[in-house]
Amino acid sequence: MDLANLSGSINKVAIAIGDTQAFTPSRNRYEVRGTLSTSVARVVSIPPWAASLRVDISNPTASGSFTIRLFDGNGNLISATTGNAQPGEGVALGSAEKVELTSTVVAEYRAVFTLTV
């Protein structure tokens, strides 16, 4: 796995490896940044073990101006959620194999995946 520091300051990273057979739940995040366009849908790759996705944009008053579209492995649209209709924990990915962001505004975005690993 590759890691990147998205901050201007030093970040400490820790990992814990259990020494038992018991399952230890965790919540990790994976963040992708980019720019929304009014003319081109942005495809965001779904990382392994992703359970949900939350997308925020640099212009909070325009949160209803973009849509998170989920597609299954056959290319069928299985979900479409506007930015202002996202649940607090994000959109559940389930069987999605592709995420597409469409927008009527130009804005910077960050897509934050919650991972189950």
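Mentor: The model is predicted, so local features need pLDDT of at least 70 and side-chain atom pairs count only at pLDDT 80 or more, while totals for chains, interfaces and linings use all residues. Residues are numbered from 1 along each chain as its sequence is written, and side-chain values use heavy atoms, with hydrogens and water left out.

Trainee: In which sense do β1 and β8 pair, and over how many bridges?

Mentor: Strands of a sheet pair through backbone hydrogen bonds, either parallel or antiparallel. Strands here are DSSP runs (E, at least two residues), numbered from the N terminus, and two of them pair if DSSP finds at least two bridges between them. β1 and β8 pair in the antiparallel sense over nine bridges, with F113 of β8 as the bridge partner of Y30. Strand β3 (residues 50-57) also pairs with β8, antiparallel over seven bridges; there V55 stands opposite A111.

Trainee: Is F113 buried or exposed?

Mentor: Buried means under 20% relative accessible area, exposed over 50%, and partly exposed in between (1.4 Å probe, protein chains only). F113 is buried at 0%, whereas Y30 is partly exposed at 35%. Seven of the nine residues of β8 are buried.

Trainee: What is the strand order of the open sheet?

Mentor: Its four strands run in the order β2-β7-β4-β5, with antiparallel pairing. β2 (42-44) and β5 (77-82) stand at the edges with a single partner strand each, so one side of each is left without a neighbour in the sheet. Within this sheet, β4 (residues 66-71) and β7 (residues 98-103) pair over six bridges.

Trainee: Which residue is the bridge partner of F71 in β7?

Mentor: That partner is K98. A charge sits over a ring if NZ of Lys or CZ of Arg is within 6 Å of the ring centre and within 35 degrees of the ring normal. The charged end of K98 sits over the ring of F71, 5.1 Å from its centre.
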